[in-house]
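Here are my notes on the contacts in this structure, as numbered points.

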There are 2 protein chains.
Amino acid sequence: MIDNKAFYKLSYGLYIVSSVSEGRKNGQIANTVFQITSDPITIAVSINKQNLTHEYIRKSKLIGISVLSEEAPMDLIGRFGFKSGRDIDKFSNVSFKTLDSGVPVVLDNTVSYFELHVEKEIDVLTHTVFICKVLSSGLIKDTNQMTYQYYQDIKRGKIQKTASTYVENKEKPVSEISNDKPKYQCSVCGYIYDPDVGDSKSGVSAGTSFENLPDNWTCPICGVSKDKFNQIN
Amino acid sequence: MIDNKAFYKLSYGLYIVSSVSEGRKNGQIANTVFQITSDPITIAVSINKQNLTHEYIRKSKLIGISVLSEEAPMDLIGRFGFKSGRDIDKFSNVSFKTLDSGVPVVLDNTVSYFELHVEKEIDVLTHTVFICKVLSSGLIKDTNQMTYQYYQDIKRGKIQKTASTYVENKEKPVSEISNDKPKYQCSVCGYIYDPDVGDSKSGVSAGTSFENLPDNWTCPICGVSKDKFNQIN
């Protein structure tokens, strides 16, 4: 018997894995970044074959790792985790630096970075595990890194279906006791629209019910439209 | 440039990785256990080629993973992490269960377990990465799992030289302001003998200086003799 609850006890970090190909940059959220050997240092990174970052990594053999800090806001995670680089330039309006190899690493809400060169590719069904040599690494800020558990527990973050660690949750979303104006949850990224809070980023004041949001309002985290939201209380 | 501090920001859990070969059981501490794909579920485990568990895994293709809880005491970690199965039966005096395949998982201070079958072996210099199918998994206790950071920060645990994530620490060990009787630290596992505390397990009462410990006294964590200890204050 396989009990999914056992999997929630495995520990991971949360990273932006980036690459570059023919001058185009892209990056995505991943949690499977880990050191394999210490002398010389080898790091493994697992990426879903469907992702644009996967395509860039295979072409350039270059990977940038940006280790997210605990303070990383959901919109940064949403930008890299729930949008596709085929639709937007994920690095616009994000501060980053380009390392010697040309690979970018994010400087906003990150604690350290790695510049990697792929030495070996391992095909594992839906994913490729890239075994990499470390070209350079650096500390950005000496604060706590984000763990996957912190992301799920504290940030109430959702997991994308293409993630290594996706486990289908057949339970109803957590609903909180509330007033007359119901909350709505984004089915893509898990963001909850709370009428008592509004959405100041989009100029929506507290007290605005979901029904009264403008038709062109989109999820502040992942950018999907109102019809992707479900009432949760 | 490679800055070692960057590596301390990668997140891991702490696990007992076990195997069985020709009826003999063994297990060791590891931090590189991670899910790679979700459908079907694949788990990767990285193990140093020098270790006895590595030999057993290669022979039987079977791996047990016991996810340690935050409360796991240093002597359990020391038993599995700093002693060799070539010298002792690590499973004696430890409660465990044998799964259908014959692989044992530890029930003391663990939160969940996995029974894995190796499908692919990846040679990565000093280590082998085993890519595994999940035969079974279960929750043992729904408390916090031990993270690698918790182990280092709270438990002040040391890292073995054969670990994936070993980074040589050239700084002096943390010394604490103390009284006349100096503390001594084990150079193998990092255990600190504090004269104010003694070592009740070995019948050493509080107030006993390191010099007055019997000659046959050994480290309560990893079992090495007194000459492997260094004064730290």
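1. Chain B and chain A bury about 4,600 Å² between them, with 60% of it on carbon and sulfur atoms. Buried area is the accessible area (1.4 Å probe) that two parts lose on being put together, summed over both. K9(B), Q35(B) and I36(B) supply 15% of the area that chain B buries here, more than any other three residues.

2. This is a predicted model: local features need pLDDT of at least 70, side-chain atom pairs need 80 or more, and totals for chains, interfaces and linings use all residues. Residues are numbered from 1 along each chain as its sequence is written, chains are lettered from A in the order in which they are written, and side-chain values use heavy atoms, without hydrogens or water.

3. In contact (heavy atoms within 4.5 Å) are 58 residues of chain B and 58 residues of chain A. On chain B these divide into 29 nonpolar, 20 polar and 9 charged; Gly counts as polar, and Asp, Glu, Lys and Arg as charged.

4. Two chains, 2 salt bridges. The term takes a side-chain nitrogen of Lys or Arg within 4 Å of a carboxyl oxygen of Asp or Glu. D142(A) and K9(B) form one at 2.7 Å, N to O.

5. Within chain A, the domain assignment gives domain 1 (11–153) and domain 2 (184–231); such bounds come from an automatic or database assignment. Their C-alpha centres lie 29 Å apart. The contact takes 6 residues from domain 1 of chain A and 7 residues from domain 2 of chain A.

6. These two domains of chain A bury about 520 Å² between them. Salt bridges across that interface: 0.
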